[in-house]
Every structure is written in C-alpha cells, then in structure tokens.
Amino acid sequence: MIDRLEQIQRIVVTAEQMRSIESRIFAAGLPVAALMEKVAGRITDRIVTLYPRTTHPRVGVLVGPGHNGGDALVVARELHFKGYEVAICSPISHLKELTVHHYNYVNSLGLPCHSEIEPLQTSDLLIDGLFGFGLERCLTDPIASLIDRVNCWKIPIVSIDLPSGLHTDTGKTLGTAIRATHTLCLGLWKQGLLQDWALEQVGQAELIDFDLPLTDIFAVLGDSPLVQRGTADWALSTLPLSRPPSTHKYKMGHLLLICGSQKYAGGALLAGLGARSSGVGMLSIAVPHSLKPMLSSHLPEALVVGCPETPEGAIAEFPSSLILHPSSFRGIACGPGLTLEARLIVQQVLQSDCPLVLDADGLNILANQGTVPTLQKRQAPTILTPHLGEFKRLFPDLADSMTCRVTAVQSAAKQTGAIVLLKGARVTIADAQGQTRINPNSTPALARGGSGDVLTGLLGGLLAQQMATLRETPIVDLVQTAAWWHAQAGILAAQTRTELGVDAHTLTQFLIPALRAISSSYPQGVVEP
C-alpha cells in the first residue's frame, strides 16, 4: 500500500483543480479561517527550521489582498510571538475580509505596517505572500516595480505556495515575478512549479502538507490523477532490483542498440554504457563495421554487430543475420550518433514489431521525412525522447505556441500514439491516454553532449527487461524511472566532481552508485508499490 504522504507528493494540480478541491472542503463545513490558521502554523514551523531567529532575526512580510496575504499575516504574527522582529508591507489597500481581520490584529500587536516596500530593505528574510495560486493577469506598476526592487535586494525570500507573479499552470512569468530562495507549496504540487522556465523564480521547492482529505482530492482528480510527480519510492518500486534465484540472462531481456557512425562514434559507446548499467540480460549493438573494434574493447560483454557502411561512415544496411523481431530482441533503442544518412535503417526499425526507443538522429530522420503520424500504425510500444529542438522539428504545430510543457507533451503523445519524453531541467513524459509524469529534480551538470545518449541506453535496457519479465508496471512509469535514475546519477556526480566535471562518460560511472546510495535505505533494495 502507498502511504498518504507518498500519494500527496506525487499529485500535481492546476489552479482550477485546486479550487475545486478546496471548494469541496469548505462546502463540507471546514471554516476558511481554521484552515488558514493550520496552514500558516505549518509554514511558520518550516520557516523557523530553515531560518532560525539567531541568524535571521529581522523578517519582512509582503502581504497581498487575498488569502495568500492572510496566510502571510498569520505567519507574521506567529514569528512575532517566537521572538522575531517582524515588519509588514501591504501595498494594496483593498483586502479580503478575513485578511483585513488578520491585518488589524497584527497592527494591534504593534508590528510595523507599511504601504511602501523600502522599510523592509534591512530585513534578513522576506516572506512573499502577495499572490497565491490562480493569478492570470500580468502584474503592472506599482506592484511590478515593487517586485523588481525586492529581487534586487539579495535577501533570502520564502514564497508562500508559489512565487508571486508566476502562472500556476504554465510556470510563465506574468510580467515579473518574485525570485524566491524557497517556495513552500501548499497542499498539493502546482503544475507551474515543475516547468523549466519557472526554476529561476521557484528556488528550492517543498510541499507543506496540511491534511487535505484524499477522498476530496480523488473526487476531483479521479483515482489515477493524470499529472503526477516522480518520487524516489515510486521509481525504486518499478525497478527490477530483486531477481528470482533461478533466472538467467535470456529471461532478463535482450536489447538491440542501433547507433553510431564514424563522425559520432561516442554516441554508440555512451548508449552502450547506459544500457550496461540497466542490468539488461543481453546487449547487442549494431554499428558501422569500422566501429566494431572500439565498441568491443569497451563493452566486451556486448554482442557487437558490424554493419555495412556508407562512404561517410554511417550504417548503410543491416546484415542478413540481424532480424528485427520480438523473438530476437525484447527492445530496440535507435538513434544516438546515426547521422541523417541512416534513414533507411530508421524506416526498417519503425516497421518492426519490437518495442522501440527512438532518439537523436532517429527523431530527426522521422521529422525530415514527415512520417511522425505513421507512428500510430505501430503495434509495439514506441518511446520518443526529444530535446526541445527535436520536439520543435517533430511537432512544429505544438512547439511554435508552446506555453506549457505538460499540455504540449500530452498533445504530442496523443498525435503519435507514442510515449513522449521531453528532455529538460524538468523532464516531462506523457502517453497517448494523457497519463503524465514530471521528473522533479535534475542538475545543470547534465547539460552536456552525450547525456541523452546515456539515457537512451538506460531506458532501452529497462524496457527490454520489462518486456522479458512481463512486469505490470505501466510503461510511462518505467520511462519516468529511467529519467529519475539518470538525473540522480547526474546529481551525485555533480556533488562529487562539481557541475563542470560531469561529462557524459563520467555520468555512466555514477549510475550504479546513485542507485545504490538511494536504494540502500530500503530492505534488500525493494520498495513495495
């Protein structure tokens, strides 16, 4: 059974969904004032832990007109009672009724209350309670100028729920937005906090659980919410970390990698090293014949198939012994380092009945030939792993007006019938049914050539094992697990070698250590789903 906290950590909502959940709670009789006290109490406890009074004695609180401002005022009151020196800035004169009550009370306690921001400039910490979820209009002066001044002060900022000025769903900045050091998201993860372009505003994000009833959440979202955030527990539960004592290599999956060229020989090697770490039982690698000695020397356990090649050193055709059939291979991963010359090879792969991961030049060939819609005809699972540039070439109708990575990836998956993984700081994955996964953590260290090749091999190896062992894990969850594992390896490598020191080859050396470090806290490395 999944415990409540784990369920809460996975769920991602839009502003409309959050409003619906709260409406159900209030309609059932919970007073808004009672919820505000509870939420603000938990925010206060977290702030005290993050920013003790001994190091951050002076706190400035930015108060908006709505309930986010009410939360901020209760936090201000509680921090005052705990001995902090608190000052308030309320730049908007018209406040909601409940917020007015809290404002009047903190004023009666003698807390300085200002309409201008300058008196807060000497604070050691700022609390951002200007606007909560649901803001849709662009901020204008004088609020926009106030936020810009605050962002220049270099004072730590804790935003309540999400940074003021950030769109709840898309993560886009509405003119301007607070650049928070910490964001304390309330109740459930807001979709905008998990989008690439929000990261500079969000800072370090964490969830403040205030016991939203699961019955109300699932009444709005359904038993299996469409958009979910990956977690370590979830990823580990999908991995084949425990194997039957009597198993053998043919039961652990056979992956075929099709990759490499004389120009991009490294792509084949990096994908092969990624696949090796996946634990796949058998690994075959089809490369141009001239690359076979290099691959064999670095991956002696792999079956390296040398293929006839073009004068420029790309794979020209498959040898007659290589049959792309599920009885031969449980999965195929194709694309890293191929070059656009390998278009006939990609066509053959697409016509096969094998589960397929398509990346890099495999995607570029697909886009150049305009054959993206033909993916609907494939009977076996197909996984596309584009970065943003490749995504734009594959889906120009979606990318040109893309304001939300989640909806764009969902649309791409629906168009193709494939699972689409859009790379980035927050990898976003969707299947044709709309089930969407967001990987919540990564590192800029992965912004290096070849990192995606490693992911292709890792994902291909996990896919082949899943097909061989007939595990019931949804493939979209398996793809999320590969993205999570890949990111965790990058994070550990960056901690060890700095962000500048994580080249793609180094990344492969941290795949197993990262998994061992995280899974060691679980008995025998197994987590029950």
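In the predicted model, Ala408 has a relative accessibility of 5% and therefore counts as buried, the limit for that class being under 20%. Ala408 belongs to helix H16, which covers residues 405-416. Apart from residues up to four places away in sequence, Ala408 touches Phe391, Leu398 and Met402. Ala430 lies 22 residues from Ala408 in sequence, and the C-alpha atoms of the two are 9.5 Å apart in space.

Phe391 counts as buried because its relative accessibility is 0%. Phe395 is likewise buried, with a relative accessibility of 0%.

Confidence in the prediction was examined along the chain. The average pLDDT is 94, and 98% of the residues score at least 70. Residues 523-529 have a pLDDT below 50, and this stretch makes 11 contacts in the model beyond near neighbours in sequence.

Empty space is found by rolling a probe the size of a water molecule over the atoms. The largest pocket has a volume of about 790 Å³. Its lining consists of 33 residues, and those closest to the centre are Lys423, Gly424, Leu446, Ala447 and Ser451. Two helices, H17 (451-469) and H18 (475-497), each supply at least two residues of this lining. The largest share, four residues, comes from H17. By class, the lining of the largest pocket contains 12 nonpolar, 14 polar and seven charged residues.

The second largest pocket has a volume of about 570 Å³. It is lined by 24 residues, and Glu22, Gly66, His67, Asn68 and Phe133 lie nearest its centre. Two or more lining residues come from each of helix H2 (15-27), helix H3 (32-50) and helix H4 (67-81). The lining of the second largest pocket divides into 13 nonpolar, five polar and six charged residues.

Two of the residues closest to the centre of the largest pocket, Leu446 and Ser451, are also contacts of Leu507. Leu507 is located in helix H19, residues 504-508. With a relative accessibility of 1%, Leu507 counts as buried. Not counting residues up to four places away in sequence, Leu507 touches Leu446, Ser451, Val454, His486, Ala489, Gly490 and Val502. Arg243 is 264 residues from Leu507 in sequence, and the C-alpha atoms of these residues are 26 Å apart in space.

Gly490, a contact of Leu507, is in contact with Thr443 as well. Thr443 occupies the loop between strand S19 (436-438) and H17. The relative accessibility of Thr443 is 11%, so this residue counts as buried. When neighbours within four places in sequence are left aside, the contacts of Thr443 are Gly490, Ile491, Ala494 and Glu499.

Backbone geometry was also considered. Most residues other than glycine have a negative phi, and most peptide bonds are trans. The peptide bond from Asp141 to Pro142 is cis, with omega near 10°. Pro142 lies in the loop between strand S5 (125-129) and helix H6 (143-151).

Asp161 is not a glycine, yet its phi is positive, near 75°. Asp161 is situated in the loop between strand S6 (157-160) and strand S7 (182-186). A relative accessible area of 4% makes Asp161 buried. Asp211 likewise has a positive phi, of about 70°, without being a glycine. Asp211 is found in the loop between strand S9 (204-208) and helix H8 (214-221). Asp211 is partly exposed, with a relative accessible area of 35%.

Leu5 was examined at the other end of the numbering. This residue is part of helix H1, residues 4-10. Leu5 counts as partly exposed, with a relative accessibility of 49%. The C-alpha atoms of Leu5 and Asp209 are separated by 8.0 Å, while the two residues are 204 residues apart along the chain.

Key. Residues are numbered from 1 along each chain as its sequence is written. This is a predicted model: local features need pLDDT of at least 70, side-chain atom pairs count only at pLDDT 80 or more; totals for chains, interfaces and linings use all residues. Side-chain values use heavy atoms; hydrogens and water are left out. On a 1 Å grid over the protein atoms alone, a cavity is a set of points where a 1.4 Å probe fits but cannot get out, and a pocket is an open set with protein on both sides within 12 Å along at least five of seven lines; lining residues have an atom within 4 Å of a point. Grid points are joined across faces, edges and corners, and a volume is the space filled by probe spheres set on the points. Ala, Val, Leu, Ile, Met, Phe, Trp, Tyr, Cys and Pro count as nonpolar, Asp, Glu, Lys and Arg as charged, and the others, Gly among them, as polar. Buried means under 20% relative accessible area, exposed over 50%, partly exposed in between (1.4 Å probe, protein chains only). pLDDT is the predictor's confidence in each residue, from 0 to 100. Contact means heavy atoms within 4.5 Å.
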